[in-house]
Amino acid sequence: MTIALLSIEIYMPMSQSLKDKRMVLRRLKDRVGAMNVAVAEVAHQDLWQRAGLGVVTVATDTQMAEQTLSAVLKE
C-alpha cells in the first residue's frame, strides 16, 4: 500500500474576499475529489488571494499513486 501527498500553492489575483476564494476552492475540490483523492485547505486560510492545498491518495502501488496525483496536478 502506498500513501502519496501533493502540496499545492495557489495564487488567485482576482479574488477580492474570502468568499470569492472559497467559491473557487470549492469548485476545484469538487472536480479533483472525483479522482479518488482527499483535498483540504491546509495553509493561508486567512488570506484572500492565496491558498495552500494538501491532496492525498492511497493506492496499491507507487506508480498508480503517482499517476493519480499527476492527473490532479494537470487539472
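**Strands and helices in a predicted model**

User: In this predicted model, which residue of β3 is the bridge partner of Ala4?

Analyst: Start with the strand pair. β1 and β3 (residues 50-59) run antiparallel, joined by ten bridges. In β3, Ala4 has as its bridge partner Thr57.

User: What is the strand order of the open sheet?

Analyst: The sheet has three strands, with antiparallel pairing. Its edge strands, β1 (2-11) and β2 (38-43), each pair on one side only. From one strand to the next, the twist averages 25°. The order is β1-β3-β2.

User: At about what angle to β1 does helix α2 run?

Analyst: Helix α2 spans residues 62-74. It lies across β1 and β3. Its angle to β1 is about 15°.

User: Which residues form the uncovered face of β1?

Analyst: In a regular strand, side chains alternate between the two faces of the sheet. The covered face of β1 holds Thr2, Ala4, Leu6, Ile8 and Ile10. The uncovered face holds Ile3, Leu5, Ser7, Glu9 and Tyr11.

User: What pattern does the chain follow along the sequence?

Analyst: The chain has two helices and three strands. Read along the sequence, they give β-α-β-β-α.

User: What percentage of contacts between residues at least 6 apart in sequence join residues at least 24 apart?

Analyst: Contact here means heavy atoms within 4.5 Å. Among contacts in the chain between residues at least 6 apart, the share joining residues at least 24 apart is 63%.

User: How far apart do the centres of the positive and negative side chains lie?

Analyst: The chain has 9 positive and 8 negative side chains.

Notes. Residues are numbered from 1 along each chain as its sequence is written. This is a predicted model: local features need pLDDT of at least 70, side-chain atom pairs count only at pLDDT 80 or more; totals for chains, interfaces and linings use all residues. Side-chain values use heavy atoms; hydrogens and water are left out. Two strands pair if DSSP finds at least two bridges between them. Helices (H or I, at least four residues) and strands (E, at least two) are DSSP runs, numbered from the N terminus. Axes are lines fitted to C-alpha atoms, for helices over the stretch in contact, and angles run from 0 to 180 degrees between N-to-C directions. Buried means under 20% relative accessible area, exposed over 50%, partly exposed in between (1.4 Å probe, protein chains only). Lys and Arg count as positive and Asp and Glu as negative; His and the chain ends are not counted. The place of a charge is taken as NZ of Lys, CZ of Arg, CG of Asp or CD of Glu.
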